[in-house]
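Keep the sequence and the 3D view side by side while reading.

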Amino acid sequence: NGNEKGGTLVLDGQKTVFELPTIFADPKLELEAFAAEADWRLANDGLQVRLQKAAFHNRDAAGEASGTWRPLEKGPGQIDLQARITRGSGDAVWRYMPLVVGKNVREWLRGAIVGGKASDTTLKLRGDLWNFPFRDGKDGIFEVHGKFQDANLRYADAWPEIKQIDGELLFSGQRMLITGKSGNIFGVKLRDVKAEIADLEQHEELLSISRKATGATADFLRFIEASPVAERIDRFTEDMRAEGNGELDLKLALPLRNMGKSKIDGSYRFDDNRLIVDSDLPPLAEVRGALRFSGDHLEARGIRGNLLAMPLSVDIRTGEGGVQVNASGEASVAGLRRELPHPAFEHLTGSAKWTGTVRVRKKAAEVRLTSNLVGLASSLPEPF
(Lines give C-alpha, C1' and ligand atoms only; values in the text may rest on other atoms or scores of the structure.)
Protein backbone atom coordinates (compact mmCIF):
# COMPACT_ATOMS: atom_id res chain seq x y z
CA ASN A 1 0.00 0.00 0.00
CA GLY A 2 1.27 3.50 -0.64
CA ASN A 3 1.49 6.61 -2.75
CA GLU A 4 4.23 8.71 -4.37
CA LYS A 5 5.50 9.83 -0.94
CA GLY A 6 5.68 6.49 0.85
CA GLY A 7 3.98 3.27 1.75
CA THR A 8 4.07 -0.07 3.54
CA LEU A 9 4.76 -3.59 2.40
CA VAL A 10 3.67 -6.75 4.23
CA LEU A 11 4.91 -10.17 3.12
CA ASP A 12 3.85 -13.52 4.50
CA GLY A 13 4.67 -16.56 2.46
CA GLN A 14 5.77 -20.17 2.35
CA LYS A 15 8.46 -21.67 0.10
CA THR A 16 9.96 -18.26 -0.67
CA VAL A 17 13.05 -17.90 -2.91
CA PHE A 18 15.24 -14.80 -3.06
CA GLU A 19 17.79 -14.25 -5.83
CA LEU A 20 20.82 -12.48 -4.30
CA PRO A 21 23.64 -12.87 -6.86
CA THR A 22 25.59 -9.81 -5.65
CA ILE A 23 25.65 -11.01 -2.02
CA PHE A 24 26.09 -14.80 -1.93
CA ALA A 25 28.10 -17.22 -4.07
CA ASP A 26 25.02 -19.49 -4.11
CA PRO A 27 22.54 -16.81 -5.24
CA LYS A 28 19.32 -18.69 -4.41
CA LEU A 29 18.24 -18.24 -0.81
CA GLU A 30 15.40 -20.71 -0.26
CA LEU A 31 13.16 -20.21 2.79
CA GLU A 32 10.44 -22.50 4.04
CA ALA A 33 8.68 -19.52 5.59
CA PHE A 34 9.23 -15.77 5.40
CA ALA A 35 7.26 -12.92 6.98
CA ALA A 36 8.21 -9.25 6.88
CA GLU A 37 6.81 -5.79 7.38
CA ALA A 38 8.55 -2.83 5.77
CA ASP A 39 7.82 0.77 4.89
CA TRP A 40 9.37 3.28 2.53
CA ARG A 41 9.22 7.04 2.21
CA LEU A 42 10.45 9.61 -0.24
CA ALA A 43 11.70 12.70 1.61
CA ASN A 44 13.89 15.71 0.77
CA ASP A 45 17.02 13.64 1.49
CA GLY A 46 15.90 10.84 -0.83
CA LEU A 47 14.41 7.39 -0.58
CA GLN A 48 14.61 5.40 2.65
CA VAL A 49 13.44 1.81 3.21
CA ARG A 50 12.84 0.52 6.73
CA LEU A 51 12.51 -3.16 7.54
CA GLN A 52 10.55 -3.16 10.76
CA LYS A 53 10.80 -6.88 11.30
CA ALA A 54 11.43 -9.97 9.24
CA ALA A 55 11.24 -13.57 10.43
CA PHE A 56 12.41 -16.59 8.44
CA HIS A 57 13.38 -20.22 8.66
CA ASN A 58 14.64 -22.99 6.44
CA ARG A 59 16.51 -26.27 6.90
CA ASP A 60 19.74 -24.43 7.79
CA ALA A 61 18.61 -21.70 10.14
CA ALA A 62 15.86 -19.66 11.76
CA GLY A 63 16.02 -16.02 12.77
CA GLU A 64 14.83 -12.46 12.46
CA ALA A 65 16.16 -9.15 11.15
CA SER A 66 15.41 -5.42 11.06
CA GLY A 67 17.07 -2.29 9.73
CA THR A 68 17.12 0.51 7.19
CA TRP A 69 18.57 1.14 3.73
CA ARG A 70 18.84 4.14 1.42
CA PRO A 71 20.53 4.62 -1.94
CA LEU A 72 23.64 6.77 -2.47
CA GLU A 73 25.07 8.42 -5.57
CA LYS A 74 27.42 5.50 -6.12
CA GLY A 75 27.57 1.93 -4.90
CA PRO A 76 24.94 -0.31 -3.33
CA GLY A 77 23.80 2.24 -0.75
CA GLN A 78 23.82 2.96 2.99
CA ILE A 79 22.62 0.23 5.35
CA ASP A 80 21.96 -0.27 9.05
CA LEU A 81 20.95 -3.90 9.58
CA GLN A 82 20.71 -6.14 12.64
CA ALA A 83 19.91 -9.85 12.48
CA ARG A 84 19.79 -12.71 14.94
CA ILE A 85 19.95 -16.43 14.24
CA THR A 86 18.15 -18.48 16.87
CA ARG A 87 18.82 -21.87 15.29
CA GLY A 88 21.45 -22.90 12.81
CA SER A 89 23.38 -25.80 11.34
CA GLY A 90 27.13 -25.61 11.87
CA ASP A 91 28.07 -27.08 8.51
CA ALA A 92 25.88 -24.55 6.65
CA VAL A 93 27.84 -21.52 7.88
CA TRP A 94 29.88 -21.31 4.65
CA ARG A 95 26.72 -20.92 2.55
CA TYR A 96 25.84 -17.61 4.18
CA MET A 97 29.23 -15.94 3.91
CA PRO A 98 28.95 -12.90 1.60
CA LEU A 99 30.97 -12.70 -1.60
CA VAL A 100 33.45 -10.33 0.00
CA VAL A 101 34.63 -13.34 2.00
CA GLY A 102 36.81 -14.96 -0.67
CA LYS A 103 36.19 -18.30 -2.34
CA ASN A 104 39.12 -19.98 -0.60
CA VAL A 105 37.82 -19.00 2.85
CA ARG A 106 34.29 -20.14 2.01
CA GLU A 107 35.60 -23.46 0.71
CA TRP A 108 37.70 -23.91 3.83
CA LEU A 109 34.66 -23.24 6.04
CA ARG A 110 32.65 -25.69 3.96
CA GLY A 111 35.06 -28.53 4.67
CA ALA A 112 36.27 -27.44 8.10
CA ILE A 113 33.08 -27.19 10.19
CA VAL A 114 31.32 -30.54 10.14
CA GLY A 115 27.99 -31.03 11.88
CA GLY A 116 27.18 -29.24 15.08
CA LYS A 117 24.64 -26.60 15.94
CA ALA A 118 24.93 -22.82 15.77
CA SER A 119 23.06 -20.57 18.17
CA ASP A 120 22.89 -17.02 19.50
CA THR A 121 24.39 -15.66 16.28
CA THR A 122 24.11 -11.93 15.61
CA LEU A 123 24.86 -9.83 12.55
CA LYS A 124 25.61 -6.11 12.57
CA LEU A 125 26.04 -4.34 9.24
CA ARG A 126 26.20 -0.56 9.25
CA GLY A 127 27.72 1.91 6.80
CA ASP A 128 28.26 2.74 3.14
CA LEU A 129 28.35 -0.66 1.41
CA TRP A 130 30.83 0.76 -1.10
CA ASN A 131 33.45 0.46 1.71
CA PHE A 132 32.42 -3.04 2.82
CA PRO A 133 33.87 -4.95 4.78
CA PHE A 134 34.98 -1.78 6.67
CA ARG A 135 38.64 -2.44 7.44
CA ASP A 136 39.64 -1.82 11.05
CA GLY A 137 36.15 -0.52 11.86
CA LYS A 138 36.55 2.51 9.60
CA ASP A 139 33.50 3.89 7.78
CA GLY A 140 31.19 1.23 9.19
CA ILE A 141 30.65 -2.03 11.08
CA PHE A 142 30.55 -5.60 9.82
CA GLU A 143 30.36 -8.19 12.58
CA VAL A 144 29.05 -11.73 12.74
CA HIS A 145 29.34 -13.30 16.17
CA GLY A 146 27.92 -16.65 17.12
CA LYS A 147 28.33 -19.84 19.13
CA PHE A 148 28.43 -23.41 17.93
CA GLN A 149 28.31 -26.73 19.78
CA ASP A 150 29.33 -30.33 19.15
CA ALA A 151 30.97 -29.72 15.78
CA ASN A 152 34.05 -31.36 14.28
CA LEU A 153 36.79 -29.07 12.97
CA ARG A 154 38.76 -30.40 9.99
CA TYR A 155 41.27 -27.60 9.83
CA ALA A 156 43.70 -29.22 7.34
CA ASP A 157 43.95 -32.38 5.24
CA ALA A 158 45.93 -35.24 6.77
CA TRP A 159 45.85 -33.71 10.27
CA PRO A 160 43.70 -35.33 12.98
CA GLU A 161 40.42 -33.44 13.29
CA ILE A 162 39.20 -31.83 16.49
CA LYS A 163 36.01 -33.54 17.63
CA GLN A 164 33.03 -32.33 19.66
CA ILE A 165 34.27 -28.76 19.70
CA ASP A 166 32.26 -26.03 21.39
CA GLY A 167 33.26 -22.51 20.55
CA GLU A 168 32.56 -19.19 18.88
CA LEU A 169 32.83 -17.81 15.36
CA LEU A 170 33.62 -14.15 14.75
CA PHE A 171 33.81 -12.12 11.54
CA SER A 172 34.79 -8.56 12.32
CA GLY A 173 35.79 -6.28 9.47
CA GLN A 174 38.45 -8.13 7.50
CA ARG A 175 39.17 -10.66 10.29
CA MET A 176 37.86 -14.18 10.88
CA LEU A 177 38.37 -15.91 14.23
CA ILE A 178 37.19 -19.31 15.47
CA THR A 179 37.83 -20.04 19.14
CA GLY A 180 37.23 -23.41 20.72
CA LYS A 181 36.47 -23.55 24.42
CA SER A 182 36.44 -27.34 24.47
CA GLY A 183 37.10 -30.24 22.14
CA ASN A 184 39.24 -33.35 21.88
CA ILE A 185 41.64 -35.29 19.69
CA PHE A 186 41.75 -39.04 20.40
CA GLY A 187 39.89 -38.29 23.61
CA VAL A 188 42.49 -35.76 24.83
CA LYS A 189 40.84 -32.58 26.04
CA LEU A 190 41.93 -29.43 24.19
CA ARG A 191 41.98 -25.83 25.32
CA ASP A 192 42.74 -22.45 23.77
CA VAL A 193 41.95 -23.62 20.23
CA LYS A 194 42.16 -20.76 17.72
CA ALA A 195 41.75 -20.62 13.95
CA GLU A 196 42.31 -17.14 12.55
CA ILE A 197 42.59 -15.31 9.25
CA ALA A 198 43.84 -11.84 10.09
CA ASP A 199 43.02 -10.32 6.68
CA LEU A 200 40.28 -11.80 4.50
CA GLU A 201 41.12 -9.36 1.70
CA GLN A 202 44.70 -10.53 1.27
CA HIS A 203 45.33 -12.29 -2.02
CA GLU A 204 47.08 -15.11 -0.13
CA GLU A 205 44.73 -15.86 2.77
CA LEU A 206 46.81 -17.19 5.67
CA LEU A 207 45.02 -19.36 8.20
CA SER A 208 46.71 -19.61 11.61
CA ILE A 209 45.82 -22.51 13.89
CA SER A 210 46.94 -22.79 17.50
CA ARG A 211 45.88 -25.14 20.25
CA LYS A 212 46.99 -26.57 23.57
CA ALA A 213 46.18 -29.87 25.20
CA THR A 214 47.01 -31.78 28.34
CA GLY A 215 46.70 -35.53 28.25
CA ALA A 216 48.29 -38.94 27.98
CA THR A 217 51.65 -39.18 26.23
CA ALA A 218 50.38 -42.34 24.51
CA ASP A 219 47.69 -40.22 22.81
CA PHE A 220 50.30 -37.65 21.81
CA LEU A 221 52.23 -40.43 20.05
CA ARG A 222 48.99 -41.40 18.26
CA PHE A 223 48.60 -37.77 17.21
CA ILE A 224 52.13 -37.72 15.71
CA GLU A 225 51.49 -40.97 13.84
CA ALA A 226 48.20 -39.66 12.42
CA SER A 227 49.78 -36.38 11.23
CA PRO A 228 52.06 -35.54 8.27
CA VAL A 229 54.97 -35.35 10.74
CA ALA A 230 55.11 -39.17 10.90
CA GLU A 231 56.32 -39.60 7.31
CA ARG A 232 58.90 -36.84 7.67
CA ILE A 233 60.54 -38.58 10.67
CA ASP A 234 60.33 -42.04 9.07
CA ARG A 235 57.67 -43.11 11.61
CA PHE A 236 60.26 -43.04 14.37
CA THR A 237 57.57 -42.93 17.08
CA GLU A 238 55.41 -45.73 15.62
CA ASP A 239 56.61 -48.49 17.96
CA MET A 240 56.98 -46.32 21.05
CA ARG A 241 54.78 -46.95 24.05
CA ALA A 242 54.32 -44.51 26.91
CA GLU A 243 52.78 -44.13 30.34
CA GLY A 244 52.23 -40.70 31.87
CA ASN A 245 50.97 -37.30 30.80
CA GLY A 246 52.23 -34.18 29.07
CA GLU A 247 51.25 -30.89 27.48
CA LEU A 248 51.00 -30.16 23.75
CA ASP A 249 51.43 -26.68 22.23
CA LEU A 250 50.89 -26.58 18.45
CA LYS A 251 50.87 -23.79 15.86
CA LEU A 252 50.09 -24.16 12.15
CA ALA A 253 50.35 -21.54 9.39
CA LEU A 254 48.24 -22.69 6.41
CA PRO A 255 48.17 -20.68 3.14
CA LEU A 256 44.72 -21.59 1.82
CA ARG A 257 45.84 -21.21 -1.82
CA ASN A 258 48.94 -23.34 -1.40
CA MET A 259 48.65 -25.79 1.48
CA GLY A 260 51.91 -27.40 0.39
CA LYS A 261 53.72 -24.41 1.93
CA SER A 262 52.20 -24.96 5.36
CA LYS A 263 54.44 -24.38 8.37
CA ILE A 264 54.25 -26.28 11.64
CA ASP A 265 55.73 -25.46 15.02
CA GLY A 266 54.96 -27.68 17.98
CA SER A 267 56.27 -28.83 21.32
CA TYR A 268 55.35 -31.52 23.81
CA ARG A 269 56.48 -31.27 27.42
CA PHE A 270 56.32 -34.26 29.74
CA ASP A 271 57.38 -35.14 33.27
CA ASP A 272 57.73 -38.46 35.13
CA ASN A 273 56.81 -40.58 32.10
CA ARG A 274 57.66 -44.20 31.37
CA LEU A 275 58.71 -44.75 27.77
CA ILE A 276 59.33 -47.93 25.79
CA VAL A 277 61.29 -46.92 22.69
CA ASP A 278 61.48 -50.48 21.35
CA SER A 279 60.27 -53.82 22.68
CA ASP A 280 63.85 -55.15 22.54
CA LEU A 281 65.20 -52.36 24.76
CA PRO A 282 64.68 -51.78 28.50
CA PRO A 283 62.08 -49.08 29.31
CA LEU A 284 63.05 -45.56 30.27
CA ALA A 285 61.61 -44.42 33.60
CA GLU A 286 61.04 -41.00 35.18
CA VAL A 287 61.46 -39.38 31.76
CA ARG A 288 61.14 -35.59 31.69
CA GLY A 289 61.86 -32.95 29.08
CA ALA A 290 60.43 -31.36 25.94
CA LEU A 291 60.13 -32.54 22.35
CA ARG A 292 59.95 -29.95 19.55
CA PHE A 293 58.80 -30.69 16.02
CA SER A 294 58.02 -29.02 12.71
CA GLY A 295 56.70 -30.39 9.43
CA ASP A 296 59.99 -32.12 8.63
CA HIS A 297 62.00 -32.05 11.83
CA LEU A 298 61.90 -33.45 15.34
CA GLU A 299 64.30 -32.48 18.12
CA ALA A 300 64.76 -32.92 21.85
CA ARG A 301 67.66 -31.72 23.96
CA GLY A 302 68.57 -32.70 27.48
CA ILE A 303 65.82 -35.24 28.12
CA ARG A 304 66.43 -36.80 31.52
CA GLY A 305 65.42 -40.23 32.74
CA ASN A 306 66.49 -43.53 34.22
CA LEU A 307 67.59 -46.63 32.34
CA LEU A 308 67.84 -49.77 34.44
CA ALA A 309 67.38 -47.55 37.51
CA MET A 310 70.41 -45.44 36.50
CA PRO A 311 70.29 -41.82 35.28
CA LEU A 312 70.90 -40.82 31.67
CA SER A 313 70.59 -37.82 29.36
CA VAL A 314 69.27 -38.04 25.79
CA ASP A 315 69.32 -35.75 22.73
CA ILE A 316 67.20 -36.56 19.66
CA ARG A 317 67.29 -34.99 16.21
CA THR A 318 66.14 -35.89 12.71
CA GLY A 319 67.94 -35.30 9.44
CA GLU A 320 68.96 -36.96 6.19
CA GLY A 321 65.89 -39.15 6.20
CA GLY A 322 66.53 -40.68 9.62
CA VAL A 323 66.69 -40.11 13.36
CA GLN A 324 69.75 -39.95 15.59
CA VAL A 325 69.72 -40.40 19.35
CA ASN A 326 72.72 -39.40 21.45
CA ALA A 327 72.71 -40.61 25.05
CA SER A 328 75.05 -40.58 28.01
CA GLY A 329 74.91 -41.83 31.57
CA GLU A 330 76.62 -43.76 34.31
CA ALA A 331 76.12 -47.48 34.85
CA SER A 332 76.66 -49.14 38.23
CA VAL A 333 77.30 -52.84 38.48
CA ALA A 334 74.86 -53.08 41.39
CA GLY A 335 72.11 -51.60 39.22
CA LEU A 336 72.93 -53.88 36.31
CA ARG A 337 72.94 -56.90 38.63
CA ARG A 338 69.43 -56.05 39.86
CA GLU A 339 67.96 -55.59 36.41
CA LEU A 340 69.99 -58.08 34.35
CA PRO A 341 71.05 -61.16 36.35
CA HIS A 342 74.19 -62.52 34.70
CA PRO A 343 77.08 -64.53 36.20
CA ALA A 344 79.68 -62.01 34.94
CA PHE A 345 78.24 -59.27 37.17
CA GLU A 346 79.12 -61.33 40.26
CA HIS A 347 82.78 -60.61 39.52
CA LEU A 348 82.40 -56.83 38.90
CA THR A 349 82.00 -53.87 41.24
CA GLY A 350 81.88 -50.08 40.93
CA SER A 351 80.43 -47.89 38.16
CA ALA A 352 81.52 -46.28 34.88
CA LYS A 353 80.34 -43.54 32.55
CA TRP A 354 79.18 -44.39 29.04
CA THR A 355 77.99 -42.72 25.82
CA GLY A 356 75.86 -44.14 23.05
CA THR A 357 74.34 -43.38 19.67
CA VAL A 358 71.34 -44.87 17.94
CA ARG A 359 70.77 -44.19 14.23
CA VAL A 360 67.37 -45.16 12.89
CA ARG A 361 66.60 -45.22 9.19
CA LYS A 362 63.81 -47.05 7.39
CA LYS A 363 62.91 -48.99 10.55
CA ALA A 364 66.46 -50.31 11.00
CA ALA A 365 68.61 -49.23 13.95
CA GLU A 366 72.35 -49.07 14.42
CA VAL A 367 73.32 -48.94 18.11
CA ARG A 368 76.80 -48.13 19.44
CA LEU A 369 77.78 -47.92 23.13
CA THR A 370 81.19 -46.77 24.36
CA SER A 371 82.76 -46.71 27.83
CA ASN A 372 86.34 -46.40 29.08
CA LEU A 373 85.32 -48.58 32.08
CA VAL A 374 87.13 -46.26 34.47
CA GLY A 375 85.66 -46.92 37.93
CA LEU A 376 85.04 -50.66 37.49
CA ALA A 377 86.90 -53.42 39.32
CA SER A 378 87.00 -57.03 38.10
CA SER A 379 87.88 -60.36 39.68
CA LEU A 380 87.45 -62.22 36.41
CA PRO A 381 90.44 -64.25 35.22
CA GLU A 382 93.09 -62.79 32.92
CA PRO A 383 92.84 -60.91 30.61
CA PHE A 384 89.59 -59.54 32.07
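The points below cover strand pairing, a residue in a loop, and a helix.

The model is predicted. Strands S3 and S4 run antiparallel, and S4 also pairs with S5 in the antiparallel sense. Helix H2 is largely enclosed by the rest of the structure.

**Strands S3 and S4**
- Strand S3 covers residues 28–43 and strand S4 covers residues 46–57.
- The two strands, S3 and S4, are joined by 11 bridges.
- Two residues link S3 to S4 in a hairpin.
- Across this pairing, Phe 34 stands opposite Phe 56 in S4.

**Strands S4 and S5**
- Strand S5 is made up of residues 61–70, and seven bridges pair it with S4.
- The hairpin formed by S4 and S5 has three residues between the strands.
- His 57 has Ala 62 of S5 opposite it.

**Asp 45**
- Asp 45 lies in the loop between S3 and S4.
- Its relative accessible area is 55%, and because exposed means over 50%, Asp 45 counts as exposed.
- Between Asp 45 and Gln 149 the distance is 46 Å, C-alpha to C-alpha, and the two are 104 residues apart in sequence.

**Helix H2**
- Helix H2 spans residues 217–225, and seven of its nine residues are buried, so the helix is largely enclosed by the rest of the structure.
- The buried residues of H2 include Phe 220, Leu 221, Phe 223 and Ile 224.
- Thr 217, Asp 219 and Glu 225 are also among the buried residues of H2.

Conventions: Residues numbered from 1 in each chain as written. Predicted model: local features only at pLDDT ≥ 70, side-chain atom pairs only at ≥ 80, totals over all residues. Heavy atoms only, no water. Helix = DSSP H or I, 4+ residues; strand = E, 2+ residues; numbered from the N terminus. Buried < 20%, exposed > 50% of the residue type's maximum accessible area, 1.4 Å probe, protein only. Pairing = 2+ DSSP bridges.
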